[in-house]
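Please look at the sequence and the model before reading on.

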Amino acid sequence: NYIPFVKLNVDKSDSRKKIGIDESKKVLLFFGMIKKNKGLDVLLKSLKEVVKNNQDLVLVVAGRAWKDDFSYYQKIINDNKLSDYCIIHNYFISHEDVKFYYSAADLVVLPYTRIYQSGVLLMSMSYNKPVLVSDLEPLIEVIIDNDTGYVFKNGSPSSLSSKIDHIFQNFEDLTRINDKGREFIINHYDWKIIGHKTSEVYKNLL
């Protein structure tokens, strides 16, 4: 986890003003480099259904496209009339500004379609934010649905939209889920614990 390296005393209201988000909005965050396997298209396709029941919701996309063409995602936004529900910061987010994006968010979404491990997952939880992930094995090693976070079916916009709708209809549960997630990464992803496990692996190779 990144808990020793992040600061949590950033005001949510000030963060939203800095990014340009209405304080009354419920905020989804997609953070990090945009690649085809990150599933941003799945998230955008799900948003069309989500906003029918959640007019006060906004998706913040923060990160630059890498070996990918953002026009593909912009077309999804345009075709589904989602511009009013999206804030797109398609550029590199400086280290100094990362804290503002996490502080402004209510829920971080990782709709990845293929991944081996995720720094964004542990970073989000280190910033004390609940996460919603696809059911890929490396992600569900950390996230137990409705316990340490939320899980939806990989690659399914309908599953993702249903889960987001459920989460925001039960908004009061986010604090409990967030607390369980933070407890999990403290107990299982502390640097000393990971260091010990790594050491044991090398010893077993001798």
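Which residues of β1 are buried on one side, and which on the other? Lys26, Leu28 and Phe30 lie on one side and Val27, Leu29 and Phe31 on the other, and all are buried, where buried means under 20% relative accessible area, exposed over 50% and partly exposed in between, with a 1.4 Å probe and protein chains only. In a regular strand the side chains alternate between the two faces of the sheet. Because 6 of the 6 residues of strand β1 (residues 26-31) are buried, β1 is largely enclosed by the rest of the structure.

The model is predicted, so that local features need pLDDT of at least 70 and side-chain atom pairs count only at pLDDT 80 or more, whereas totals for chains, interfaces and linings use all residues. Residues are numbered from 1 along each chain as its sequence is written, and side-chain values use heavy atoms, with hydrogens and water left out.

The open sheet consists of 6 strands in the order β3-β2-β1-β4-β5-β6, with parallel pairing; its edge strands, each pairing on one side only, are β3 (86-89) and β6 (150-152). Strands (E, at least two residues) and helices (H or I, at least four) are DSSP runs numbered from the N terminus, and two strands pair if DSSP finds at least two bridges between them.

| Parallel pair | Bridges | Opposite residues |
|---|---|---|
| β1 and β4 (residues 107-110) | 2 bridges | Leu29 and Val108 |
| β5 (residues 131-134) and β6 | 3 bridges | Ser134 and Phe152 |
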